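Here's a quick briefing to read alongside the model. Have the 3D view open and follow along.

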Amino acid sequence: MPYVVYHLPDGTSSRVEVAPGQSIMEGSVRNNLPGIVAECAGNCACATCHVRVGNEWKDLFAERSDEENDLLAYLDGSDDDSRLGCQLIVEDTDIDIHVRVVDSR
Ligand code: FES
């Protein structure tokens, strides 16, 4: 089972199991972690699931869609590492995936 290490806005980290096929957003919400709000429940319409993914883990996920790019373009503080957690589907892997959660409240 893959593990995701969520680096949280308060400076702490939380390492949790996320089943393959679930998104980074779902892994956060299911484990009641702070920072990801997911107002649109994963429909790529709210950007309250903003995370940053470092180069080491970017290849584990599909590239940004046009829809995701459009949302991120209007999001304050987004950069090249920015992704929407609901669009990041976890595949089966035995390495820990690290993401930095941007507080969306
Ligand atoms: S949960 Fe709304 S865009 Fe990801």
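The largest nonpolar core has 25 residues, and Val4, Tyr6, Ile24, Val51 and Val99 make the most contacts inside it. A nonpolar core here is a set of buried Ala, Val, Leu, Ile, Met, Phe, Trp, Tyr and Cys residues joined through side-chain atoms within 4.5 Å, where buried means under 20% relative accessible area with a 1.4 Å probe, protein chains only.

This is a predicted model: local features need pLDDT of at least 70, side-chain atom pairs count only at pLDDT 80 or more, and totals for chains, interfaces and linings use all residues. Residues are numbered from 1 along each chain as its sequence is written, and side-chain values use heavy atoms, with hydrogens and water left out.

- Strand 5 supplies the largest share, three residues.
- Beyond its neighbours within four places in sequence, Val51 is in contact (heavy atoms within 4.5 Å) with residues including Ile24, Ile36, Leu88 and Val99.

- Five strands make an open, mixed sheet in the order 2-1-5-3-4, with pairing requiring at least two DSSP bridges between two strands.
- Strand 2 (13-17) and strand 4 (82-84) sit at the edges with a single partner strand each, so one side of each has no neighbour in the sheet.
- Strand 3 (residues 50-52) pairs antiparallel with strand 5 (residues 97-101) over two bridges.
- Arg52 stands opposite Arg100 in strand 5.

Terms used. Helix = DSSP H or I, 4+ residues; strand = E, 2+ residues; numbered from the N terminus. Buried < 20%, exposed > 50% of the residue type's maximum accessible area, 1.4 Å probe, protein only.
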